[in-house]
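Colleague: I have a few minutes. Can you walk me through this one?

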Amino acid sequence: MPHSQTSAHRDSLTGVRLARGASPWLLPTVATAALSLLRARNSKRAAAIAVPTTALAAGMLWFFRDPEREIAQGRVISPADGVVQSIMPWKDGRTRVAIFMSPLNVHVNRAPLSGTVTSVEHIPGGFVPAFNKESENNERVVWHFDTELGDIEMVQIAGAVARRIVPYIPQGTKVEQGDRIGLIRFGSRVDIYLPEGVEVAVEVGQATTAGVTRIDRD
């Protein structure tokens, strides 16, 4: 699939490249800030409101940014910006790499490998902080990709603030490695399960960049 089919769009008001799915949060914030700024000249109250609303709008623009990336070479690349929270062997021989995404990270997730999306399953759940062990029971979206390494599972997990995961593509879609596949609003976590025999190249505490950091080792 060409990267353009899952690319971000440009907000018509700001000209800033934003993540798909940002509008419900961003547009009301920007509109409120703009209105407060217009009224600030004639109203001290509006001027006082304009400061925090403008700061909030700027923060939203930063949070929902979606920069272009030079996609790295490698069998498995990171699906998320963040920090490796844990690396855990699984009972079936796979290895789970959990990446914690803070509100300062880009929250658009990317396909870790080229292949076909065989399932996209939304599972309701709680909203405890994504760095908490109990976050495994949070609301999440479970992805499966049919790839050259076989079935690859990836899980987007909502955090305490993130209350919405926005998949960009449906089951049956063919993706290229590094294609944008979805957004998690605000702090969250992404888990990827490496097949048995695939050695992990990252370590706990290491920063990752979606589409750039290689997760596996030759």
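Modeller: Start with the surface. The protein chain exposes about 10500 Å², and carbon and sulfur atoms supply 56% of that area. Accessible areas come from the Shrake-Rupley method with a 1.4 Å probe, and for residues only the protein chains shown count as cover.

Colleague: What kind of model is it, and what are the ground rules?

Modeller: It is a predicted model: local features need pLDDT of at least 70, side-chain atom pairs count only at pLDDT 80 or more, and totals for chains, interfaces and linings use all residues. Residues are numbered from 1 along each chain as its sequence is written, and side-chain values use heavy atoms, with hydrogens and water left out.

Colleague: What is the mean pLDDT of the protein chain?

Modeller: The mean is 80, and 67% of the residues reach 70 or more. pLDDT is the predictor's confidence in each residue, from 0 to 100. Over residues 1-15 the pLDDT is below 50, yet this stretch has 42 contacts in the model beyond near neighbours in sequence. A contact means heavy atoms within 4.5 Å. Where pLDDT is low, the predicted coordinates should not be read in detail.

Colleague: OK. How many helices and strands does the protein chain have?

Modeller: It has 2 helices and 15 strands. Both are DSSP runs numbered from the N terminus: helices are H or I with at least four residues, strands are E with at least two.

Colleague: Which strands form the open sheet, and in what order?

Modeller: There are 8 strands, in the order E10-E6-E7-E8-E12-E4-E3-E14, with antiparallel pairing. Two strands pair if DSSP finds at least two bridges between them. The edge strands are E10 (174-175) and E14 (207-208), and each pairs on one side only.

Colleague: How many bridges hold E10 to E6?

Modeller: E6 (residues 115-123) pairs with E10 over 2 bridges, antiparallel. Thr116 stands opposite Lys174 there.

Colleague: And what flanks E8 in that order?

Modeller: E7 and E12. E7 and E8 pair antiparallel over 8 bridges, and a hairpin joins them through 2 residues. Val142 faces Val155 in that pair. On the other flank, E8 and E12 pair antiparallel over 6 bridges, with Ala158 opposite Ser188.

Colleague: Is E8 mostly covered or mostly open?

Modeller: Mostly covered. 7 of its 9 residues are buried, where buried means under 20% relative accessible area, exposed over 50%, and partly exposed in between (1.4 Å probe, protein chains only). Ile157 sits in E8 and is buried at 2% relative accessible area. Its C-alpha atom is 9.5 Å from that of Phe100, 57 residues apart along the chain.

Colleague: Switching topic. Why is E11 largely enclosed?

Modeller: Because 5 of the 5 residues of E11 are buried, the rest of the structure largely encloses this strand. E5 (residues 108-110) pairs with E11 antiparallel over 3 bridges, with Asn109 opposite Gly182. E9 and E11 also run antiparallel, joined by 3 bridges. Val166 has Leu183 as its bridge partner in E11.

Colleague: Which residues have the most contacts inside the largest nonpolar core?

Modeller: Val97, Trp143, Phe145, Ile169, Val175, Ile181 and Leu194, in a core of 33 residues. A nonpolar core is a set of buried Ala, Val, Leu, Ile, Met, Phe, Trp, Tyr and Cys residues joined through side-chain atoms within 4.5 Å. Elements giving two or more residues to this core include E4 (95-101), E9 (165-167) and E11 (180-184).

Colleague: Last one: how much of the protein chain is buried?

Modeller: Buried residues make up 46% of the 218 residues.
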